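Please read them with the structure open.

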Amino acid sequence: MDVPHYDWIAHHARISPHGPAQEDLHTGRRFDWLQMHRRIDAWAAWLQREAGVKPGDRIAMLCHNSTDGNEMMFAAQRVGAIHLPLNWRLAVPELEFILNDAEPRVLVHGPEFAPQVAQLRERGRLPVVVERRDGADSEYERAMAAGGEPSPRHRPALDDVWILMYTSGTTGRPKGAKITYRAQLFNAIHCAM
């Protein structure tokens, strides 16, 4: 069943544009809902325009936690891509397996992971690699400065996959766990209750 898209960030940008949306405790950066909405749109537009991202493409993220991670996740939603957070504690061969299995169109990484990304580029195909630096000048921030809105804006169904998170037990290779919009919605409802 195709359920109309509900964009949480766009909603809050409309009803409370200057209310606090997120704060990065590491850097001290703060964003209100309208700023966050515009940054997500700018990143989504860049993904379409410069990286050629289409619905169903995977966008990998190899970074420590920051507000940028939320922007990347919600931008994936706006273009119909699948957000692929990578565990930064994994060794290069483990990351290589996941990247070969998931075949991301884009890999975004923090500067602390540049050596691992260089090795991964030598070992396999990574079409687009973007560095981010917690608000400092970087390819990621230049994409934000370019602005724009995604076109067309994707309208996912509740059973579409939003996040692909690799996990494994004590044996075997990691497997991609598909997290749908429905799962995220009910997780939010559960947390609110």
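1. Is arginine 123 buried, partly exposed or exposed? Arginine 123 is partly exposed, at a relative accessible area of 41%. Here buried means under 20% relative accessible area, exposed means over 50%, and partly exposed is in between (1.4 Å probe, protein chains only).

2. On the source: this is a predicted model, in which local features need pLDDT of at least 70 and side-chain atom pairs count only at pLDDT 80 or more, while totals for chains, interfaces and linings use all residues. Residues are numbered from 1 along each chain as its sequence is written, and side-chain values use heavy atoms, with hydrogens and water left out.

3. Arginine 123 has a salt-bridge partner, glutamate 96, at 2.9 Å from N to O. A salt bridge is taken as a side-chain nitrogen of Lys or Arg within 4 Å of a carboxyl oxygen of Asp or Glu. Glutamate 96 is in helix α4 and arginine 123 in helix α5, so this pair ties together parts 27 residues apart in sequence. Helices (H or I, at least four residues) and strands (E, at least two) are DSSP runs, numbered from the N terminus.

4. Axes are lines fitted to C-alpha atoms, for helices over the stretch in contact, and angles run from 0 to 180 degrees between N-to-C directions. Angles under 35 degrees count as roughly parallel, over 145 as roughly antiparallel, 65 to 115 as roughly perpendicular, and the rest as oblique. The crossing of α4 and α5 is right-handed; the term applies if the near helix is turned clockwise from the far one by less than a right angle, and left-handed if anticlockwise.

5. Helix α3 (residues 67–79) packs with helix α6 (residues 139–146) at about 55 degrees, their axes being 13 Å apart. This pair is therefore oblique, and its crossing is left-handed. Helix α3 also meets helix α2 (residues 33–49): those axes come within 8 Å and cross at roughly 60 degrees, in a right-handed crossing.

6. Glutamine 77, in helix α3, counts as buried at 3% relative accessibility. From isoleucine 40 it is 37 residues away in sequence and 9.7 Å away in space, C-alpha to C-alpha.

7. A salt bridge of 2.8 Å (N to O) joins arginine 39 and glutamate 141. The pair links distant parts of the chain, with arginine 39 in helix α2 and glutamate 141 in helix α6, 102 residues apart. Both ends are buried: arginine 39 at 12% relative accessibility and glutamate 141 at 14%.

8. Aspartate 24 and arginine 29 form another salt bridge, with their closest N and O atoms 3.9 Å apart. Aspartate 24 is buried at 4% relative accessibility, as is arginine 29 at 15%. The whole structure holds 17 salt bridges. Those that share partners join Asp24, Arg29, Arg39, Asp68, Glu71, Arg132, Asp134 and Glu141 into one network.

9. Glycine 19 sits in the loop between α1 (8–15) and β1 (20–23), and is buried at 11% relative accessibility. Aspartate 7 is twelve residues from glycine 19 in sequence and 17 Å from it in space, C-alpha to C-alpha.
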